[in-house]
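Student: Could you take a close look at the enclosed spaces inside this protein, and at what lies around them?

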Amino acid sequence: MSQTDVGPGSLALTRITARLMGWITLLTAPAWVHGALDQAAAMSTWWNALAGAVMGIFATAVLISAIRPTGARWPAIGLSGGVGILVALWPWGVADPSLTATRLPWLWLALPLAMAAVASLDSLLSSVTYGAAVAGLYARSRIGPVGGDGTIAVVAVEFGFLLVLSVALALLARASRAAARDLDADARRAVAASIEAAGLAATADARAEVDGVLHDRVLAALLLAVRSPSSPDVSLLARQALASLADSGATTSQGATVAFDDLRERIESGVRVVAPKAHVVAGKGRPVPEAVARAVVEATAEVVRNSVRHASRDGHPATVEVRIGARGAADGEMTEPRPSVGDVLTVDICDDGEGFDPLDVPPERLGLAVSVVGRMRQAGGAAVVNAAPGQGVRVALSWPEPVPVTEAAR
């Protein structure tokens, strides 16, 4: 499951919505279960079997989703759709109208749960349409012995209540979603600011290094040349100063490139420091800019470091594998380097640990977002994190950011 484009606000809203649906189910279930059992004698056998299966399966699915939120929509869709079908079939399900003529259909007690399920899908049109349709079907059944012989006035009030409830829940869901999007935007701005601050800090460090070279090497050589021009140390200091300036210039030059073999050695060195037993496999690739090389090396080391710290299986350290190479966007295979916008540098880091659910990561934990995703994005690349409980973790780094085949072909 990819979580690179999901912010902390959306993740939190997903968890809260799932748990709220679970609580609504727990609170309303005793009432509609009791009502269904109480009115079972008045209903046909096929209808009781259908109602039991629909409500049992989808209410259980909603409760499971509340315990471990996954963001899946099918429990809510199934529950709302099932209740709508039951409301539509109610008149044909009544076997003994004499037993229902004085009772409110028990489905009335399940309708708020169905309305909340539709509202959780975050569509005002869907909520209003569903509310109006279900309210109309329910009102049709209420006027007559199969639905309790409700009067026109009473049925009109019940219809209005259901319609207002559907609209109110939809508006509440939309306001919550808007707040979550604002929080996501704030989080993205915070990550961007952190990346910018890190870049400024790196620039300051580079300038400090150059200043140190100027002060310690160049000025020392110049002062010695002025004071003791005949000293044999002048030429030695001059050579050292030139070498230091060349080294610092190479690390700060915007046009510098790193050969693929050198990049592979850097990645392997960084991996070995934190995970000596990691398995590293390298293919072939093209040279990359120095800034990209630094971003890839640091992002890879950060991912491996997280695997060493957090990944395990049955109490044993997880196995970590790093694959480095070039991939053609058209065929998805490791290839020889070629001058095409479809070729990208890729680094895949996998571990066979217990994995984790990205929805369970606290919003304030921005390690991967800043150190991996943000760093690659700043360098013009991309990072995709795929993780699931019991399935380990796979992080795919790529540069430049992959271009869809349809766009690359234009």
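Tutor: What follows begins with the cavities and then turns to the helices and loops.

This is a predicted model, in which local features need pLDDT of at least 70 and side-chain atom pairs count only at pLDDT 80 or more, whereas totals for chains, interfaces and linings use all residues. Residues are numbered from 1 along each chain as its sequence is written, and side-chain values use heavy atoms, with hydrogens and water left out.

Of its 410 residues, 39% count as buried (under 20% relative accessible area, with exposed meaning over 50% and partly exposed in between, for a 1.4 Å probe and protein chains only).

Rolling a probe the size of a water molecule over the atoms shows where empty space is left. A cavity here is a set of points, on a 1 Å grid over the protein atoms alone, where a 1.4 Å probe fits but cannot get out, and its lining residues have an atom within 4 Å of a point. Grid points are joined across faces, edges and corners, and a volume is the space filled by probe spheres set on the points. By this rule there are two cavities of 30 Å³ or more.

The largest cavity holds about 80 Å³ of space and is lined by eleven residues, of which R286, V288, V344, L345 and W399 lie nearest its centre. Strand 7 (residues 343–351) gives the most to this lining, with three residues. By class, the lining of the largest cavity divides into eight nonpolar, one polar and two charged residues (Ala, Val, Leu, Ile, Met, Phe, Trp, Tyr, Cys and Pro count as nonpolar, Asp, Glu, Lys and Arg as charged, and the others, Gly among them, as polar). W399, one of the residues nearest the centre, is also joined to P400 by a cis peptide bond, with omega near -10°. P400 itself lies in the loop between strand 9 (393–399) and helix 12 (405–408).

The second largest cavity holds about 30 Å³ of space, and its lining consists of V87, W90, P105, L107, Y138 and S141. The lining of the second largest cavity has five nonpolar residues, one polar and no charged.

Helix 6 also contains L124, which is partly exposed, with a relative accessible area of 27%. Leaving aside residues up to four places away in sequence, L124 touches A170, L171 and R174 (contact means heavy atoms within 4.5 Å). L124 and A170 are 46 residues apart in sequence, yet their C-alpha atoms are 5.3 Å apart in space. In the loop between helix 6 and helix 7 (152–227) lies D149, which has a positive phi of about 55° although it is not a glycine. At 43% relative accessibility, D149 is partly exposed. Most residues other than glycine have a negative phi, and most peptide bonds are trans.

Helix 5 (residues 111–119) is mostly covered, with eight of its nine residues buried, among them L111, M115 and V118. In helix 9 (residues 260–274), F260, L263, I267 and V271 are buried. Seen down the axis of helix 9, its buried residues fall within an arc of 65° (taken from the directions from the helix axis to the C-beta atoms), so they line one face of the helix.

Notes: 1 Å grid on protein atoms, 1.4 Å probe; cavity = no way out; pocket = protein on both sides within 12 Å on 5 of 7 lines; lining within 4 Å. Helix = DSSP H or I, 4+ residues; strand = E, 2+ residues; numbered from the N terminus. Expected span 1.5 Å × (residues − 1).
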